[in-house]
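Below are my notes on the model you sent, in numbered points.

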Amino acid sequence: MPKLATLPKLAIDARGVDKWFGEGEARTRALANVSMQARYGEMLLIVGPSGSGKTTLLSVISGILRPDGGDVVVDGVDLWKQPNDAIADFRLNRIGFVFQDYHLFPRLTTAENVAIPLILKRRPWDEAMTEARKYLDIVGLGNRAGIAPVKLSGGEQQRVAIARAVVSQPDILIFDEPTASLDGDTGRSIIDFVKHQVLSDTRCIVIVTHDSRIFDYADRILRMEDGQLKGIEMGGGE
Ligand SMILES: Nc1ncnc2c1ncn2[C@@H]1O[C@H](COP(=O)(O)OP(=O)(O)OP(=O)(O)O)[C@@H](O)[C@H]1O
Ligand SMILES: [Mg+2]
C-alpha cells in the first residue's frame with residue numbers, strides 16, 4: 001500500500017485566544033479571537049503594524065503571559081490549564097525566546113548571559129560556559145565573552161540574546177524582532193544560521209519581524225492587524 005503523505009506534527013495550536021490590557025476607558029483588546037498553528041520543521045513569520053498584538057501573541061504561546069480566553073495547545077497539552085510549575089518547566093525546557101528589548105542581565109558577563117539556560121538546567125558550570133562561548137563564536141562575538149553586555153552595541157546585544165535562545169537547543173524558538181538592530185549582512189547571516197543549522201524536522205521557529213530580508217526564509221507568513229490575524233501567505237522558504 002502506498003504511504004500516505006503526513007503533515008509535519010503540530011507544535012503550537014492557539015485557539016481563539018483573547019487578551020485584554022488596562023481598565024476602564026484605557027481597556028484595549030490586544031488579541032481578539034486569534035487562532036494560529038505552528039508545525040515542527042517550519043519557520044513561521046508574523047508581521048503587522050506596531051501595536052497590532054504581535055509581542056502579546058508570542059508571550060501567550062510561550063507560556064509567559066496568561067490569556068484571558070482561548071487555549072494554547074502544545075503537543076496536544078493545554079498549556080494554560082497546567083499548574084504554574086509545569087508552565088515554568090515548559091518555558092525552561094521547550095522555549096528559546098528572544099525579547100524585542102533583549103533582556104540581558106547587566107551584572108553578568110556576555111558569556112554568563114548565554115549560559116543561563118544551561119545553568120538553570122543544572123549543567124556543570126564549566127561545561128555551560130564552554131557551550132556558551134561556542135555559541136558566542138557562532139554569532140561573531142567570541143572575543144566579547146568576558147565583558148558586560150552594557151558595553152556592547154544594540155546589534156551585539158541582540159546577537160547575545162539570540163545565542164542565549166539557542167544554546168540549550170530548545171525545540172520551539174520564538175524571536176521578537178531578532179534582526180531589528182542588525183545591519184543587512186549580519187541580519188542575513190544570523191537568520192541563515194537559524195534557518196539552516198537550528199531549524200530541523202523536530203524544531204519550530206516563530207519570528208515576529210518587520211525585516212523584509214527575512215521574508216525569503218519563511219515557510220509561511222501570518223499578518224496581524226488590530227489584534228486579529230488577517231491572512232496567511234507563503235514565504236520564500238529559502
Ligand atoms: N503590559 C501592557 N499593558 C497595557 N497595554 C499593553 C501592554 N502590552 C501591550 N499592550 C497594548 O496591547 C497592544 C498590542 O501590543 P503589542 O506589544 O503586542 O504590539 P506589537 O504588535 O508587538 O507592536 P510593536 O511592533 O510596536 O512591537 C497595544 O495597543 C499595546 O499598547
Ligand atoms: Mg512588539
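1. Please keep in mind that this is a predicted model. The values quoted here are all computed from it.

2. The sheet. Six strands form an open sheet with mixed pairing, in the order β6-β7-β8-β3-β9-β10. β6 and β10 (228-234) are its edge strands, each pairing on one side only. Direction ignored, neighbouring strands are turned by 15° against each other on average. In general, the strands of a sheet pair through backbone hydrogen bonds, either parallel or antiparallel.

3. One pair within the sheet. β3 (residues 43-47) runs parallel to β8 (residues 204-208), and four bridges join the two strands.

4. Helix α1 (residues 54-61) lies across β3, β6, β7 (172-176), β8 and β9 (220-225). Its direction is at about 160° to that of β7. Helix α2 also packs on the sheet, where it touches β6 and β7. The angle between the directions of α2 and β6 is about 75°.

5. The largest pocket. Its volume is about 470 Å³. Sixteen residues line this pocket, and R91, I95, F97, F99 and R164 are the closest to its centre. At least two lining residues come from each of α2 (84-94), β6 (95-98), α3 (110-120) and α5 (154-166). What is the make-up of the lining by class? Ten of the residues are nonpolar, four are polar and two are charged.

6. T110. This residue is in helix α3. Is T110 buried or exposed? Its relative accessibility is 0%, so T110 counts as buried; the cut-off for buried is under 20%. Leaving out residues up to four places away in sequence, T110 touches L136, R144, A145, I147, A148, P149, L152 and V160.

7. Two aspartates with positive phi. D75 sits in the loop between β4 (69-74) and β5 (77-78). Its phi is near 50°, a positive value in a residue other than glycine. D226 belongs to the loop between β9 and β10, and its phi is also positive, at about 45°, although D226 is not a glycine.

8. The cut-off for exposed is over 50%.

How values were computed:
Residues numbered from 1 in each chain as written. Chains lettered and ligands numbered in written order. Predicted model: local features only at pLDDT ≥ 70, side-chain atom pairs only at ≥ 80, totals over all residues. Heavy atoms only, no water. 1 Å grid on protein atoms, 1.4 Å probe; cavity = no way out; pocket = protein on both sides within 12 Å on 5 of 7 lines; lining within 4 Å. Points joined across faces, edges and corners; volume = space filled by probe spheres on them. Nonpolar A, V, L, I, M, F, W, Y, C, P; charged D, E, K, R; others polar. Buried < 20%, exposed > 50% of the residue type's maximum accessible area, 1.4 Å probe, protein only. Contact = heavy atoms within 4.5 Å. Pairing = 2+ DSSP bridges. Axes fitted to C-alpha atoms, helices over the stretch in contact; angles between N-to-C directions.
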